[in-house]
Amino acid sequence: MVEQEGLKVKEIDYALQRSESLGGKETSFLIPEDSQPLFQRSEQSKDSVFFRDGIRQIDFVLSYVEDVKKDGELKAERRQTFEQNLRKTGLELEIEDKMNSEDGKTYFVKIHAPWEVLVTYAEVLGIKMPIKLSDIPRPKYSPLSYMLGPVKLPLGVKYPKPEYFTAQFSRHRQELFLIEDEATFFPSSTRNRIVYYILSRCPFGEEEGKKKIGIERLLNTNTYLSAYPLHDGQYWRPSKTSRINERYVLCKNWARFSYFYKEQPFDLIRNYYGEKIGIYFVFLGYYTEMLLFAALVGLACFIYGLLSMESNQTSIEICDPNIGGQMIMCPLCDEVCDYWRLNTTCLHSKFSHLFDNESTVFFAIFMGIWVTLFLEFWKQRQARLEYEWDLVDFEEEQQQLQLRPEFEAMCKHKKMNPVTQEMEPHMPLCHRIPWYFVSGTTVTFGMALLLSSMVSIIVYRLSVFAIFASFMESEATLQSVKRFFTPQLATALSASCLNCLVILILNFFYEKISAWITKMGKFVGYPGRYTYMFNLWRSEECGPPGCLIELTTQLTIIMIGKQIFGNIHEACQPLIFNWWRRRRTRTHSEKLYSRWEQDHDLQVYGHRGLFYEYLETVMQFGFVTLFVASFPLAPLFALMNNIMGIRVDAWKLTTQYRRPVAAKAHSIGVWQDILYGMAILSVATNAFIVSFTSDIIPRLVYFYAYSKNSTEPLSGYINNSLSVFLIADFPNHTVPMEKKDFVTCRYRDYRYPPDHKGKYGHNMQFWHVLAAKMTFIIVMEHIVFLFKFLLAWMIPDVPKDVAEKIKREKLMTVKIIHDFELNKLKENLDVEYGNIMKNMSVNNKSLKAKTSV
């Protein structure tokens, strides 16, 4: 259990000791609550982010209500101890009485971090601050980029602050840093990060022999209702003061749906919300940009299928009354299903050709290369971001693999850290085993539930197909639509919708853990010896055009349905909750609805807010890469979803949620490893999709090995791909009730006819097709992996210009610090030399005086 923003225990103790030494000074001028003069709230702006004196900025807010239950006294005691300890660390507190709150019940504790506290913890946290204006010019736009003028943001929004050379802050080198105004030197995101660090480690007493620390424990026990930093103003109008309202600037230039075509103000997002949230939006924006290329190629493949749909030889033969109309197909279910003619699937075959054509293989190979380029260029984008946002060597300098404060308080044992050579809290294996068991049991239960849901969907398809077929046969009103709305299509659509619903439900209960329910390997059998599940439900069989359309239907409904539901939920849920919360708490009194009360009534983003956002994006990435061979339009739908999704996320974060605590991160973390794993897996899945669900390989085998027509090589393919079955060989319980005047029917497979000595056994063409499928999988995987490794080798992780800039900044930083220390040393030596010369002069005068006497 590692904390991202932890520090060495020695440094923590040092910071606390330093802050406690400052506590007496800082708390000395705090006015006791009972002696404060009556404050006229009507004279204060409702958007004020300052204490009552209008000078000290509010960096954090705690809220609570008095509890009249039996544990109310315990909570009050915890709050009193906690707030006393906060004052000891140097923080300044100002409490708003419940009588001043809009609902008349809630107390608000406003927290301000004075300069001495900020500089102390800035040094402990290793925060980098500017020391000199950078002489490295920003990257210039290329000539082609000027064509994208409407997409660009104003320079003042894109780059809100100039570039600086930075160094880790040091209290003893304050003169080195560019401190123009102590009140604005540390940005608000840095201030709330420092205050939250103190809050998360501040003790509030000992209970049952264990030290209790941290604001999170107090929130979990409802001792405090909430803890949050303030937004810096309203999002729909600028501040009336001279301070820049960054929330308003973000809302105007980022969180507007009409700006869907604009680039994002990444630096402004980082300054306001911190690097962790900023890097998520950088990744989402980069992913959306890369989707544009995949969407264009996928759309081109779809257009090719659309243009060639009418000239497709397979569909021509199926739709031809003299070919498809003369082929009697075996029943698709037992007893209730009748024989049918092949040309009834004419429209179905044309629709299947949209996604199952020659371009499918090309697109599958292209996506294998695209995903490699996506990941390799993301490495470069991430490296450039680390330089621009001062995150180079962030993990080595600041992480130090420190433990969470809650874990430190819970652990009673200690162990020597081989890196820091210090004793650190440690939990023995015997204490961890029960938690491993609980985690393993939970995961196993989840997998069992997921597997049972898959089986249920399959059972539904097998059992409902016969019902659809019987109903459509018996209803005369449905005969007109039966030509294009077949029982297969009805079953596939309803099962796909049910599949999507199951995924959404499982997402809710699993906290959005992906449910991977896409395709099931089919072993159908043949007429007379079909495969049955539980000896009851007969396995489905694909139509003559192939099985790919089944997978395409499922992927289309699940992907589009899930994205629509996700966007509606993300947009409406916080809006409705906030409206209801304000409606319930507002009394429409004359009391001031202050800045901290406005933020208190917003939704909580939470520590795992980004987890859900990343999970949704990675799941979409899986749909786009793992099964893209069956649905070339998947990148296009993902692109359209992300274009609007970015603005939805920006809108809700800026207008509907409390301001999250700023946190640092130098990458997207473990999600990058997940993306790499999915990229490798996607090559195999797409190869298998093309081989076993598409009809391309059987057509190629017929084209090169079995076709006898040199002018039209695919002529006769449909007849060749359908085997013959003798109706007299049907078992009594499966044969249709009505008698027919024909003796054979056709089914999709490569088997010997009934008059052959190997009756209904697989013929040689079946083995040729199977060998071709396996060969295609091996060849495609090797080709794509070869390109992947070559591209990964050719594209450096860190661009050359970024590496040079990093070296330049390190050199300049060392030089600036060296010159500063040298000048400081010279000044000290000059002062000492002056003192020595002064003392010598005094001594000489004294000696001369004695001599004269």
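A residue is called buried here when its relative accessible area is under 20%. In the predicted model described below, this is the case for both Tyr605 and Tyr657, two residues that return in the account of the aromatic pairs.

A search of the whole structure finds 46 aromatic pairs. In one of them, the rings of Tyr339 and Phe742 have centres 5.2 Å apart and planes at 90 degrees, so the arrangement is edge-to-face. This pair links distant parts of the chain, since Tyr339 belongs to the loop between strand S9 (328–329) and strand S10 (340–341), while Phe742 belongs to the loop between strand S17 (722–726) and strand S18 (744–748), 403 residues apart. The two partners fall into separate classes of accessibility: Tyr339, at 10% relative accessibility, counts as buried, whereas Phe742, at 22%, counts as partly exposed. The rings of Tyr605 and Tyr657 are likewise at 90 degrees, with centres 5.5 Å apart, and so this pair is also edge-to-face. Here too distant parts of the chain are linked, with Tyr605 in the loop between helix H19 (595–600) and helix H20 (609–626) and Tyr657 in the loop between helix H21 (634–656) and helix H22 (670–692), 52 residues apart.

Aromatic rings also take part in arrangements with charged side chains. Lys262 lies over the face of Tyr259, at 5.7 Å from the ring centre, and Arg659 lies over the face of Tyr272, at 3.8 Å from the ring centre.

The largest nonpolar core holds 85 residues, and of these Trp254, Trp370 and Phe374 touch the most other members. Helix H10 (residues 275–307) supplies the largest share of this core, with 14 residues. When neighbours within four places in sequence are left aside, Trp370 is in contact with Tyr287, Met290, Leu291, Ala294, Phe621 and Thr625.

Attention then turns to the empty space inside the model. Rolling a probe the size of a water molecule over the atoms shows where such space is left. The count comes to eight cavities of 30 Å³ or more, and the largest cavity has a volume of about 120 Å³. This largest cavity is lined by 13 residues, among which Glu616, Asn641, Asn642, Gly645 and Asp649 lie nearest its centre. At least two residues of its lining are supplied by each of H10, helix H18 (548–585), H20 and H21, and H21 gives the most, with five residues.

In helix H12 (residues 346–355), eight of the 10 residues are buried, so the helix is largely enclosed by the rest of the structure. The buried residues of H12 are Cys346, His348, Ser349, Lys350, Ser352, His353, Leu354 and Phe355. In H23, the buried residues are Ile696, Ile697, Pro698, Arg699, Val701 and Tyr702, and they pack against helix H11 (313–319), H13, H22, helix H24 (717–721) and helix H25 (764–794).

Within helix H23 (residues 696–706), Val701 can be taken as an example. Its relative accessible area is 11%, and Val701 is therefore classed as buried. Apart from neighbours within four places in sequence, Val701 is in contact with Tyr706, His768, Val769 and Ala772. The C-alpha atoms of Val701 and Lys773 are separated by 9.6 Å, although these residues stand 72 residues apart along the chain.

Finally, the backbone has positive phi values at two residues that are not glycine, namely Asn222 and Asp390. For Asn222, which is placed in the loop between helix H7 (215–220) and strand S8 (226–228), phi is about 60 degrees. For Asp390, which lies in the loop between helix H13 (359–388) and helix H14 (394–399), phi is near 55 degrees. Asp390 has a relative accessibility of 18% and therefore counts as buried.

Terms used. Residues are numbered from 1 along each chain as its sequence is written. This is a predicted model: local features need pLDDT of at least 70, side-chain atom pairs count only at pLDDT 80 or more; totals for chains, interfaces and linings use all residues. Side-chain values use heavy atoms; hydrogens and water are left out. Rings of Phe, Tyr and Trp (its six-membered ring) pair if their centres lie within 6.5 Å; planes under 30 degrees apart count as stacked, over 60 as edge-to-face and the rest as tilted. Helices (H or I, at least four residues) and strands (E, at least two) are DSSP runs, numbered from the N terminus. Buried means under 20% relative accessible area, exposed over 50%, partly exposed in between (1.4 Å probe, protein chains only). A charge sits over a ring if NZ of Lys or CZ of Arg is within 6 Å of the ring centre and within 35 degrees of the ring normal. A nonpolar core is a set of buried Ala, Val, Leu, Ile, Met, Phe, Trp, Tyr and Cys residues joined through side-chain atoms within 4.5 Å. Contact means heavy atoms within 4.5 Å. On a 1 Å grid over the protein atoms alone, a cavity is a set of points where a 1.4 Å probe fits but cannot get out, and a pocket is an open set with protein on both sides within 12 Å along at least five of seven lines; lining residues have an atom within 4 Å of a point. Grid points are joined across faces, edges and corners, and a volume is the space filled by probe spheres set on the points.
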